[in-house]
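Subject: Structure handover

Dear colleague,

Please find the structure below. My notes follow it.

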Amino acid sequence: MKDFFVTGDPLIYGADAAIVVTVVAIVFVLTYFKKWRWLWREWITTVDHKKIGIMYIICSLLMLFRGGVDAILMRLQLAMPDTKFLESQHYNEIFTTHGTIMILFMAMPFMFALFNWVIPLQIGARDVAFPYLNALSFWLFFFGALLFNISFVIGGSPDAGWLAYPPLSELSHSPGVGENFYIWGIQISGIGSLASGINFLVTILKMRAPGMKLMKMPLFSWSVLASCITIIFTFPVLTVTLALLFVDRFFGAHIFTMDGGGNPMMYVNLIWMWGHPEVYIVVLPAFGIYSEVVSTFSKKKIFGYTSMVFSMMIISVLSYFTWVHHFFTMGAGADVNAFFAITTMAIGIPTGVKVFNWLFTMFRGRIRMTQPMLWTLAFVPCFLVGGATGVMLAVAPADYQYHNSYFLIAHFHQTLIGGVVFGYLAGLYYWWPKIFGFKLNDRLGKWAFWLWNIGFYVCFMPQYALGFMGMTRRVYTYGWDMGWAPYNLVSTVGAFLMGIGFVVQGWQIIYSIKRGERDLTGDPWNGRTLEWSIPSPPPVYNFAKIPEASEQDAWWEMKKKGIKPTATSYEAIHMPKNSGIPFLMSVCWFIAGFGLTFHWIWIGLAGLAGVGICLLARSFQYKTEYYIPAKEVSRIEAMYRRGA
Amino acid sequence: MQQSITPQHEHEHHESMKVFGFWIFLMTDCILFACLFATFAVLRTHTDSPFTGNELFEIPGFTAETFILLTSSFTSGLATLAMNKGKVKPLIGWLAVTVLLGAAFIGLEINEFMKMVSEGATISTNAFLSSFYTLVSTHGLHVSVGIVWMIAIMIQLKKHGIQSVTKRKVQVMSLYWHFLDVVWIFLFTVVYLMGVM
């Protein structure tokens with residue numbers, strides 16, 4: 001028992017109490033309001049992409065909170081020299097979970113939330129290609145994230161950095177269960193991500209509305225296509241890497257160990273073959289969002305559509321050829337480093353093309369300063385600086401100086417926050433009214449925007465300087481004699497400003513649920529693409545009649561020509577049935593992962609057997625679809641028209 | 001009654017989409033094996049102890065495995081031909097033969113592993129053996145999953161006959177089986193032949 005629960009730290013006891021109270025509260029509320037059945041029928045078993053998107057966004061925001069708390073704790077520890085707030089071990093665990101959670105359990109689900117919300121609506125489809133698989137992807141992510149997150153109260157968190165380099169992550173240096181939690185948490189959610197990649201690729205390639213040629217497709221859909229191709233090519237690498245690390249730890253193999261002929265650098269190569277494309281996986285959809293937002297709020301067709309498409313595809317291909325720039329210091333030799341330095345710098349070119357295209361779209365446009373547009377405008381200079389420091393890091397000889405310093409930390413936060421988070425928030429504000437039927441409050445949103453933005457620069461600009469002054473990443477304390485104190489203090493203030501910004505956003509959502517401006521038209525922004533041609537929130541089948549889309553910005557053209565999306569007669573609509581199997585299968589994966597984490601082999605095998613049974617049970621189901629009769633469709637449509 | 005309103009092509013479009021999705025899945029599986037091969041290529045000389053492929057691999061054993069698996073690919077092809085002719089019985093029969101051959105292959109592989117382990121060449125002996133066991137048993141695990149899957153499809157064929165859904169399932173299954181065969185050819189060459197060279 002003493003080894004099972006994490007003991008001794010008052011912060012952890014606080015977390016224990018908070019978890020128990022929250023769980024009890026949730027169970028109480030569900031029971032008191034008799035909502036268990038509702039939860040099961042409407043959410044847990046759903047295969048509706050819109051609801052799955054909502055569940056992704058809830059989880060992602062919770063994970064942003066957790067990762068953010070980790071960040072605040074780290075900044076508190078570093079605010080002043082010789083702080084005794086966190087012990088070194090606790091600090092190691094926090095920077096590990098901060099990184100892993102922010103990339104894999106915050107950015108990825110946020111991205112999948114937006115995929116789910118928008119892709120079928122934007123290409124004029126009724127759902128994704130494989131709705132059942134889509135639900136499975138979500139639940140795998142959910143239970144993977146759960147497994148990863150319970151590690152801090154049960155068994156102990158991973159503490160070998162967000163990519164768990166061996167030999168530190170090997171049994172010899174991390175004998176506890178923390179790294180096993182890391183492996184299984186990511187492995188389980190990673191399978192879900194891979195399935196989502198396949199799912200959305202097929203959706204985009206096979207389910208576009210009639211007339212929508214690839215080169216007429218909205219740019220967000222293009223960005224998702226590019227991102228999915230990258231997922232498909234790289235996530236198997238992650239699967240293998242984690243599996244091999246597990247084989248080392250579980251069976252005592254010598255693949256990445258220091259002894260027995262193992263090669264730890266093999267792991268570092270493999271993990272970055274996934275890890276580098278991963279950052280493009282998350283940033284490409286953000287680029288797509290900026291394209292949609294800029295075009296809508298400048299009231300102009302996007303400038304340089306074709307070059308936008310090509311630049312995204314070039315980025316997605318080049319992203320496979322840059323991984324070594326994460327460890328120029330490995331000493332692979334001048335030729336290898338030169339190759340990867342050049343490919344890294346080359347990625348700047350298509351990205352630059354995109355920035356100019358966004359600027360030219362705004363040029364002489366009728367710009368409206370809405371919330372999505374604000375985040376987009378803030379992104380441009382932020383990403384510019386982030387990209388420029390990236391090119392500095394790409395200069396291999398100079399990188400020997402920057403490597404693993406705070407300069408690097410500032411750089412990647414600038415691209416990931418300024419590029420990815422700003423983009424996803426722009427997307428969140430942009431498509432929120434489509435999914436929920438109301439806008440998020442403008443005044444609170446502007447407060448959050450300025451807090452985030454000012455906070456960002458206050459937090460990360462000093463870190464560039466700290467890098468030059470010799471502060472390396474992952475140090476948990478430093479002395480007065482280093483001269484780092486003032487910069488670190490300023491940086492901590494910035495982190496708190498961003499934290500307050502996040503709290504304001506939480507308040508903004510709660511406030512807007514009650515008092516947000518309702519969207520009765522389905523087209524609150526005067527949009528250009530098909531998702532704005534249907535009511536908000538859309539009916540379960542999305543489109544009563546599949547639209548024709550032969551022009552780029554199809555909805556804009558329809559509005560110009562005065563074509564109304566309503567029909568007079570309807571046909572029965574073919575829909576997938578709900579299923580509880582994705583949830584149950586993911587529970588089995590959770591049990592398997594938990595058992596194998598603790599070396600409880602029988603529990604692990606029982607979990608895996610459960611997964612097999614769920615797969616077979618699904619294989620034997622033949623009636624997985626149903627029809628919404630034409631009468632019902634016309635009743636729902638009439639209801640929407642009365643509402644509008 | 002409502003079933004009659006639906007255009008048949010919508011359903012077929014759905015089935016063909018699943019086949020397309022499965023092709024993409026096979027590509028991801030291909031990358032998975034590529035990574036394992038790369039790891040093996042890096043570590044194959046890292047023996048750090050007396051055990052090398054030359055001493056451990058027995059030519060009759062892995063040659064027999066190869067022939068059995070290649071034959072099973074052929075029989076799964078015969079099953080597909082029977083399906084295209086609309087004959088359920090030969091279809092199930094050829095699938096059964098494929099399952100038996102697959103099981104024989106797995107049996108031989110387990111036998112080979114047990115022999116190696118008894119000689120003291122385990123997964124934790126050296127890096128070469130670690131990468132060998134992970135690569136070969138990942139393939140073996142795929143074949144085992146395939147066997148269970150094929151049996152499930154045989155039962156479904158018995159129940160539902162040859163129709164669009166079962167047809168797609170057999171099609172996808174045979175894609176998977178041929179893919180494993182191709183992977184084995186690389187295993188045979190890179191791991192075994194180059195190992196005993």
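What is the area buried between domain 1 of chain A and domain 2 of chain A? About 1,200 Å², with carbon and sulfur atoms giving 72% of that area; buried area here is the accessible area (1.4 Å probe) that two parts lose on being put together, summed over both.

This is a predicted model, in which local features need pLDDT of at least 70, side-chain atom pairs count only at pLDDT 80 or more, and totals for chains, interfaces and linings use all residues. Residues are numbered from 1 along each chain as its sequence is written, chains are lettered from A and ligands numbered from 1 in the order written, and side-chain values use heavy atoms, without hydrogens and water.

Val6(A), Leu11(A) and Leu30(A) supply 39% of the area that domain 1 of chain A buries against domain 2 of chain A, more than any other three residues.

Rings. Over all chains there are 97 aromatic pairs (rings of Phe, Tyr and Trp, the last by its six-membered ring, with centres within 6.5 Å; planes under 30 degrees apart are stacked, over 60 edge-to-face, the rest tilted). Phe449(A) and Trp450(A) form an edge-to-face pair, with ring centres 5.0 Å apart and planes at 80°.

Charges over rings (NZ of Lys or CZ of Arg within 6 Å of the ring centre and within 35 degrees of the ring normal). Lys35(A) lies over the face of Trp38(A), 5.1 Å from the ring centre. Lys51(A) has its charged end over the ring of Trp43(A), at 5.5 Å from the centre.

Regards
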